[in-house]
Amino acid sequence: MADSEMNEDVQVGGDMMHVPFRVNDEQVVCHIAGHETLLAVLRDQLGVTEVKYGCGEGACGACVVLVDGKAMASCLTLCASVENADIMTVKAPDPSGLWALLQDRFAAHEAAQCGFCSPGLLASCFALIQRGEKLTRQQIREALSGHICRCTGYHHIVDAVEEVMALWPVMS
Amino acid sequence: MISLYPYPFEYFRPETLEDALGLAQVDGMKFLAGGQSLIPLLNLHVAEIKGVIDLKQVAPHLKFFEWEQDQVVLGSFLTHEELQHSSLLGRRCPLFLMAASHIGHPRIRQRGTLGGSIAHADPLAEWILVMTLLDAQVILTSSKGRRKISFQQYLLGPMMTAMDPDELIEAVEISLPEAASYGFVEVSRRPGDYALVAAGVSVLWDQDRIAKTSIAVSGVSDVPLTFPAIAMTMCHEYPSLALIHDVKRAIEAAVDPPSDILADASYRRHLAGTLVARALRQAFDEGVNSRWLIAK
């Protein structure tokens, strides 16, 4: 408590607050300042380092996580605004097996090379496939256009997603 | 590793619009809607503020389509995606669908709002061009009261508006003439980027003749330009390729774009003419196919 009180004095931006939310099915309460982004809290406070800092502008998709099932750029989300939300990353518990299937097909199609974009991409793909639509290759590209991958040239990613889209309704 | 996180600021999430407007009285406070324009500025240290007023709780009151006979009032909290996929709006004014599909990518369209984009006032933003073209009325509210100004009065320059610091965009009012058709064309370096040049047109019809036209082009000046004199020459004409050609030439002669790192002046001039021509073609095609022409 003494520590946190000291921190509060140091805070330029005003009051610290306690924000409860869930990360990969674990309940947490984070002691944060108003300006802290969800990305900053996930990486620096909770050590959830599979979430990557890419551009800080919401353009690259490396920091995408699922907030109540919706793909969101965590760099453009203030942590204070996700109070009581359910955050999921690629390391979430996986009773349905969809995360594992995505990862497996990404690996099989060599849709990851350096891997920096993969956690964000997989999160967007998870949300996309859970919506249950059957998309054409062009529509998959459009749906994933908020992600930048500098290695694969995207063809492999589209291959993997196309396959999961065909497999998932059968498996689930 | 140095990560760019925002400089410290305070966070407020008021329960009511009154509370939100009260908080805005404090110097240096910014309203936060979808955060797709404001938070990048904070992340990259382009902007420094005292605090944000998160409008999350207030949002349901600012998310509405209010339909009247010849106009629609759009709540400022409508997202780009909601505007893109509203089938009623798409039917009365397909311009919204056409323009929204160029905004960022699906994730940005899901969170970014109409009001946020207009408040941010990037001169290359699709909504800034659309509002200029339609000369929308902007409804501003603050604890001192509500006022309505035309978009022409509202947009003062790039990222500069006539809004007071404590004012909030509540809605925009768009008039929807019965016999109108629209065109919107944009060129950017990559899909989803801000436009290099974009053009929008609206054509009002009197049977199979043009009654009135508006033309707006962004990316050739510091804010989108309209061309009332050129538009006037189209009145009472029949739609034709020859007419489009004349207008294209006139637009090319009328603009004096700057050169910058993305494109030089001559390319921007070429785009202005070509994109207006293509947008007119869209509007003519749509007009000719529509019921008020067939029904004559």
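Me: Is Thr161(B) buried or exposed?
Reply: The model is predicted, and the answer rests on values computed from it. Thr161(B) sits in strand E9 (residues 160-161) of chain B. Buried means under 20% relative accessible area. Thr161(B) has 18% relative accessibility, so Thr161(B) counts as buried.

Me: Which residue has its backbone nitrogen 3.2 Å from a polar atom of the side chain of Thr161(B)?
Reply: Leaving aside neighbours within four places in sequence, Thr161(B) is in contact with residues including Ile118(B), Tyr154(B) and Leu156(B). The backbone nitrogen in question, 3.2 Å from a polar atom of the Thr161(B) side chain, belongs to Met163(B).

Me: Which residue has the backbone oxygen that the side chain of Ser76(B) reaches?
Reply: Ser76(B) lies in the loop between strand E5 (71-75) and helix H3 (80-85) of chain B. Ser76(B) counts as buried, at 6% relative accessibility. Not counting residues up to four places away in sequence, Ser76(B) touches several residues, among them Leu62(B), Thr113(B) and Glu170(B). At 2.7 Å, the side chain of Ser76(B) reaches the backbone oxygen of Ile169(B).

Me: How many of the 13 residues of H4(A) are buried?
Reply: Helix H4 of chain A covers residues 118-130 and reaches 18 Å from its first C-alpha to its last, close to the 18 Å expected. Its buried residues include Ser118(A), Leu122(A) and Phe126(A). H4(A) is mostly covered, and the number of buried residues is 12.

Me: What is the angle between the planes of Trp99(A) and Phe126(A)?
Reply: The whole structure has 5 aromatic pairs over all chains. In one of them, the rings of Trp99(A) and Phe126(A) lie 4.2 Å apart, centre to centre. Planes under 30 degrees apart count as stacked. This pair is stacked, with an angle between the planes of 15°.

Me: How many residues apart in sequence are the parts that the Trp99(A) and Phe126(A) pair ties together?
Reply: Trp99(A) is buried, with a relative accessible area of 2%, and Phe126(A) counts as buried at 4%. Trp99(A) lies in helix H3 (residues 98-108) of chain A and Phe126(A) in helix H4 of chain A, so the pair ties together parts whose separation in residues is 27.

Me: Which residue forms a tilted aromatic pair with Phe96(B)?
Reply: The partner of Phe96(B) lies 5.5 Å away, centre to centre, with 40° between the planes. The pair links helix H5 (residues 95-100) and helix H8 (residues 126-134) of chain B, 31 residues apart. Phe96(B) counts as buried at 0% relative accessibility. Its partner in the tilted pair is Trp127(B).

Me: What is the area buried between chain A and chain B?
Reply: The size of an interface is often given as the accessible area lost when the parts come together. Here the contact takes 37 residues from chain A and 27 residues from chain B. Carbon and sulfur atoms give 55% of the buried area, which is about 2,500 Å².

Me: Which residue of chain B forms a salt bridge with Glu83(A)?
Reply: Side chains of opposite charge can pair when their charged atoms come close. The count between chain A and chain B is 2 salt bridges. In the one with Glu83(A), the closest N and O atoms are 2.4 Å apart, and the partner is Arg13(B).

Me: How many residues apart in sequence are the parts that Asp86(A) and Arg22(A) tie together?
Reply: Asp86(A) and Arg22(A) form a salt bridge, the closest N and O atoms being 3.7 Å apart. Asp86(A) is partly exposed at 28% relative accessibility, and Arg22(A) is partly exposed at 30%. Asp86(A) lies in strand E5 (residues 86-88) of chain A and Arg22(A) in strand E1 (residues 16-23) of chain A, so the separation of the parts in residues is 64.

Me: What is the relative accessible area of Glu173(B)?
Reply: Glu173(B) forms a salt bridge with Lys148(B), the closest N and O atoms being 2.9 Å apart. The pair links strand E7 (residues 145-150) and strand E10 (residues 168-175) of chain B. Lys148(B) is partly exposed, with a relative accessible area of 46%. Glu173(B) is buried, with a relative accessible area of 14%.

Terms used: Residues numbered from 1 in each chain as written. Chains lettered and ligands numbered in written order. Predicted model: local features only at pLDDT ≥ 70, side-chain atom pairs only at ≥ 80, totals over all residues. Heavy atoms only, no water. Helix = DSSP H or I, 4+ residues; strand = E, 2+ residues; numbered from the N terminus. Expected span 1.5 Å × (residues − 1). Buried < 20%, exposed > 50% of the residue type's maximum accessible area, 1.4 Å probe, protein only. Phe/Tyr/Trp six-rings, centres within 6.5 Å; stacked < 30°, edge-to-face > 60°. Contact = heavy atoms within 4.5 Å. Buried area = accessible area lost by both parts, 1.4 Å probe. Salt bridge = Lys/Arg side-chain N within 4 Å of Asp/Glu carboxyl O. Polar contact = N/O pair within 3.5 Å; in protein donor to acceptor, adjacent residues only side chain to side chain.
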